[in-house]
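Here is a short briefing for a reader who has not seen this structure before. Please look over the sequence and the model first.

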Amino acid sequence: MTSALITSMLILFAISVPVAIAIGLASMVGLVGFTSLPLLVVPQQIFIALDKFPLAAIPFFILAGNLMEVGGLSRRLVEFARAFTGQLQGGLAITCVLTCMMFSAISGSSVATTFAVGAILIPAMRDYGYPIGFAAALMAVSAELGVILPPSIPMILYGVATQTSIPDLFLAGVLPGVLIAGSLMATIFIWCRIKGWGKRDGDGRLSRLDATRRAVWSLVMPVLIMGGIYGGVTTPTEASVIAVVYALVVGLFLHREMSLKDLALAFRKSVVTSAVIMFIIGAASLMGYLLNRQGVPDAAALWLTSTFDGPTSLMLAINFMLFVVGMFIETGASIVVLAPILQDAALRVGIEPVHFGTVMVVNLALGMITPPLGVNLFAAAQIAGCSITAMLRPLLVFLAVIIVCLMIITFVPQLSLFLPGTMAR
């Protein structure tokens with residue numbers, strides 16, 4: 001059954017069937033063709049997969065990010081970041097990375113970050129003389145921070161799929177996210193000095209005091225969310241609801257930039273995005289149920305640990321596999337299907353679950369900026385009005401930087417485990 005199920009799924013991917021539908025149809029092939037189970041199992045397993053309180057955080061964080069975009073909060077974050085980096089050559093490009101760091105502390109979604117921040121910064125970088133391919137590639141790569149820094153939707157999925165602490169996973173993503181952001185900013189600074197880009201980046205920026213004053217409500221939001229979670233006041237799900245209420249109040253009554261039309265648009269986008277993610281989770285969980293019945297997770301874990309007899313070789317093999325998988329399969333689906341299998345193998349060679357979850361999310365996030373799936377690439381290209389081909393050369397440079405960071409995160413576990421360990425004390 002396993003080979004038929006996987007073959008069916010790959011064929012459906014090859015003919016461009018949407019990910020969730022391909023996984024669901026392949027699961028139906030396995031269920032109907034190779035088991036005597038009733039079709040009632042399908043809605044039953046989907047319901048079981050979605051009937052988890054932490055998953056409620058996903059639509060609320062997505063909605064909070066969309067409300068920030070239409071309520072003027074994201075634009076003020078851009079102004080704030082530019083006020084502090086605009087004096088540098090390449091400061092506008094560095095602002096892109098810095099703003100994505102701040103925005104990701106609310107949205108948890110890389111695609112939402114691409115649209116919210118890219119709509120402002122890609123045209124600005126073009127107007128200040130940056131090549132449009134560079135601007136679009138940088139936006140796509142910087143938005144990847146949205147799934148690494150907390151609150152991260154893939155971290156929530158990993159925690160639910162493997163019964164790992166979601167607050168610990170959130171904390172584990174902080175230092176790796178800072179490492180990647182710092183490496184990107186250093187690369188941008190050197191690159192702009194070599195190419196001569198960004199010499200006018202300071203023109204027209206606000207003073208630091210004015211930018212801070214305008215962005216104060218935006219800056220309070222991540223503090224409110226993360227402070228509530230790690231102060232023990234709220235769960236991640238409760239914090240996501242608070243983020244939505246806060247974004248509504250600020251957009252409607254304090255900034256007064258959110259109309260009823262904007263509000264309807266934000267809700268519509270959030271419903272569509274959330275429905276896609278939940279559809280993927282439900283379909284992937286059905287596949288996971290069938291694979292579990294066949295003993296695939298145990299067999300795969302045993303094969304991995306017997307073939308790669310140490311943590312170093314195992315992690316290199318898993319990283320390579322995840323990189324390839326991420327190029328073709330959506331991140332959420334990959335996590336729901338693969339996380340229980342691969343974590344079992346990692347546990348057998350002594351790799352800590354929180355550290356492994358961080359490595360898996362960072363690796364699969366690369367799939368958002370690599371063809372052919374590359375959702376961030378297509379989003380950035382749509383905003384910039386350029387082709388993917390125009391983005392490839394700068395993209396390869398940024399991709400190499402992140403892969404180096406991934407290797408550091410993989411083989412320096414303290415980078416992921418330091419903050420969870422500190423908070424535990």
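This is a predicted model: local features need pLDDT of at least 70, side-chain atom pairs count only at pLDDT 80 or more; totals for chains, interfaces and linings use all residues.

Residues are numbered from 1 along each chain as its sequence is written, and side-chain values use heavy atoms, with hydrogens and water left out. Helices (H or I, at least four residues) are DSSP runs, numbered from the N terminus.

**Helix H12**

- Helix H12 spans residues 208-230 and has a kink of about 60 degrees centred on Ala-215. The bend at a residue is the angle between axes fitted to the seven residues ending there and the seven starting there.
- Ala-215 is one of the buried residues of H12, among them also Ala-211, Ser-218, Met-221 and Pro-222. Buried means under 20% relative accessible area, exposed means over 50%, and partly exposed is in between (1.4 Å probe, protein chains only).
- The buried residues of H12 pack against helices H4 (57-70), H5 (73-85), H6 (91-107), H10 (166-172) and H13 (236-254).
- After H12 comes Gly-232, which has a positive phi, near 75 degrees.

**Helices H11 and H20**

- Two packed helices are described by the angle between their axes and the distance between the axes.
- The axes of H11 and H20 (residues 388-411) come within 10 Å and cross at roughly 145 degrees. Axes are lines fitted to C-alpha atoms, for helices over the stretch in contact, and angles run from 0 to 180 degrees between N-to-C directions.
- The residues that make this contact include Leu-179, Ser-183, Thr-187 and Trp-191 of H11, and Pro-394, Val-397, Phe-398 and Val-401 of H20. Contact means heavy atoms within 4.5 Å.
- The residues of the contact of H11 with H20 divide into 14 nonpolar, two polar and no charged. Ala, Val, Leu, Ile, Met, Phe, Trp, Tyr, Cys and Pro count as nonpolar, Asp, Glu, Lys and Arg as charged, and the others, Gly among them, as polar.
- Thr-187 is located in H11 (residues 174-195) and counts as buried, at 18% relative accessibility.
- Apart from neighbours within four places in sequence, Thr-187 is in contact with Val-397, Phe-398 and Val-401.

**Salt bridges**

- The count of salt bridges comes to seven, a salt bridge being a side-chain nitrogen of Lys or Arg within 4 Å of a carboxyl oxygen of Asp or Glu.
- Arg-75, Arg-76 and Glu-257 are linked in a network of salt bridges.
- Arg-76 is buried, at 8% relative accessible area, whereas Arg-75 is partly exposed, at 31%, and Glu-257 is partly exposed, at 28%.
- Arg-213 forms a salt bridge with Asp-210, with the closest N and O atoms 2.8 Å apart. Arg-213 and Asp-210 are separated by about one helical turn because they are three residues apart in H12.

**Asp-309**

- Asp-309 lies in the loop between H15 (296-307) and H16 (311-328) and is exposed, with a relative accessible area of 71%.
- The C-alpha atoms of Asp-309 and Ala-93 are separated by 43 Å, and the two residues are 216 residues apart along the chain.

How values were computed:
Helices (H or I, at least four residues) and strands (E, at least two) are DSSP runs, numbered from the N terminus.
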